[in-house]
Amino acid sequence: MTIERLLARRGRVLLAVLGVTLAALAAPQPARAVLPPDGGTITVTARDVTASNEKVAMAYAALAAMWRTEFRQAGARFVVPDIVRYRGAARSRCGVMDAGNAFYCPDDNAIYYDEVFVAAQAKRAARTLGTDGDMAAIGVVAHEMGHAVAMQLGVVSPYPYENEAIADCLAGAFARQAAHDGSLERGDVEEAFYAMSTAGDPTPRLTGNRRVDRVLLTRAALLGHGTREQRMHNFDAGLEGGPAACLR
């Protein structure tokens, strides 16, 4: 489904979508951040946070420009969310943002992100892949911007996983646009896939009771962000097909 068709049924959205929720991080600088799934400890310095914030700011501007253009071509206006960085915790109209988190709050149309958490994502990707790791951080903001896009189009599901799948896909669509603009660097796609692979939901711990396990599996399928395979697949769908592949 195209943006034009979705705009015809756009309405007021009341459902707050869960953002990226991984492990909590310590806030002070230098901060020691424990990130799943490998449990490795990463030391985040003031320089790391500054570099990460600069990359996020550039990506935010590119995301705003991309979605303004997409909406304008459809005869509509995209209201670009504010972006708010914090440490430890932050208040919003959607409640308190916890440490180690990023979240789109529709009530005040703002993306909140823990700057230490996001810097740690980039540093972990860099350490693992031998790159600068920046797309692992940028992907967090692109995902949250995807929630804003979907909500402003009225594309909201009662099932959190479906909302998260769209946001992952739209993050992939941003990477596709960056490739077309010539701003995608070598290693960026690998960093994005690495970030998705490490941010998948854990497999539910089954009890051996078929009825209980069925409920656990169903709940995990509908209420989470998706498995590592699902998140990578959803990102790839946007990377290959652009926004049209996400907003059917």
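**Close-up views of a predicted model**

**View 1. Where helices α4 and α5 meet.** In α4, the residues M135, I138, G139, A142, H143, G146, H147, V149 and A150 touch N163, E164, I166, A167, D168, L170, A171, F174 and A175 of α5. Sorted by type, this contact of α4 with α5 has 11 nonpolar, five polar and two charged residues. Here, contact means heavy atoms within 4.5 Å. Nonpolar covers Ala, Val, Leu, Ile, Met, Phe, Trp, Tyr, Cys and Pro, charged covers Asp, Glu, Lys and Arg, and the others, Gly among them, are polar. The model is predicted, so to speak of a local feature takes a pLDDT of at least 70, and side-chain atom pairs count only at pLDDT 80 or more, while totals for chains, interfaces and linings use all residues. Numbering starts from 1 along each chain as its sequence is written, and side-chain values use heavy atoms, with hydrogens and water left out.

**View 2. How α4 and α5 cross.** The two helices pack at an angle of about 120 degrees, and their axes are 7 Å apart. This makes α4 oblique to α5. Angles under 35 degrees count as roughly parallel, over 145 as roughly antiparallel, 65 to 115 as roughly perpendicular, and the rest as oblique. Axes are lines fitted to C-alpha atoms, for helices over the stretch in contact, with angles from 0 to 180 degrees between N-to-C directions. The crossing of α4 and α5 is right-handed; a crossing has this name if the near helix is turned clockwise from the far one by less than a right angle, and is left-handed if anticlockwise.

**View 3. Helix α4 with another partner, α2.** Helix α2 (residues 46–73) packs with helix α4 (residues 134–152) at an angle of about 30 degrees, with the axes 9 Å apart. That makes α2 roughly parallel to α4. Their crossing is right-handed. On the α2 side, the contact involves S52, K55, V56, A59, Y60, L63, A64, W67 and F71, and on the α4 side D134, A137, I138, V141, A142, M145, V149 and Q152. These residues divide into 13 nonpolar, two polar and two charged.

**View 4. The disulfide of C94 and C105.** C94 is joined to C105 by a disulfide, with an S to S distance of 2.1 Å (a disulfide is a pair of cysteine sulfur atoms within 2.5 Å). With 90 degrees about the S-S bond, the link of C94 and C105 is right-handed. C94 sits in the loop between β5 (90–92) and β6 (95–97) and C105 in strand β7 (residues 101–105), so the pair ties together parts 11 residues apart in sequence. C94 is partly exposed, at a relative accessible area of 27%, whereas C105 is buried, at 0%. Buried means under 20% relative accessible area, exposed over 50%, and partly exposed in between (1.4 Å probe, protein chains only).

**View 5. The disulfide of C169 and C246.** The sulfur atoms of C169 and C246 are 2.1 Å apart and form a disulfide. The torsion about their S-S bond is about -80 degrees, so this disulfide is left-handed. The pair links distant parts of the chain, with C169 in helix α5 (residues 160–181) and C246 in helix α9 (residues 243–246), 77 residues apart. Both C169 and C246 are buried.

**View 6. Stepping back to the chain.** The chain has nine helices and eight strands; helices (H or I, at least four residues) and strands (E, at least two) are DSSP runs, numbered from the N terminus. Of its 248 residues, 49% count as buried. A search of the whole structure finds two disulfides.
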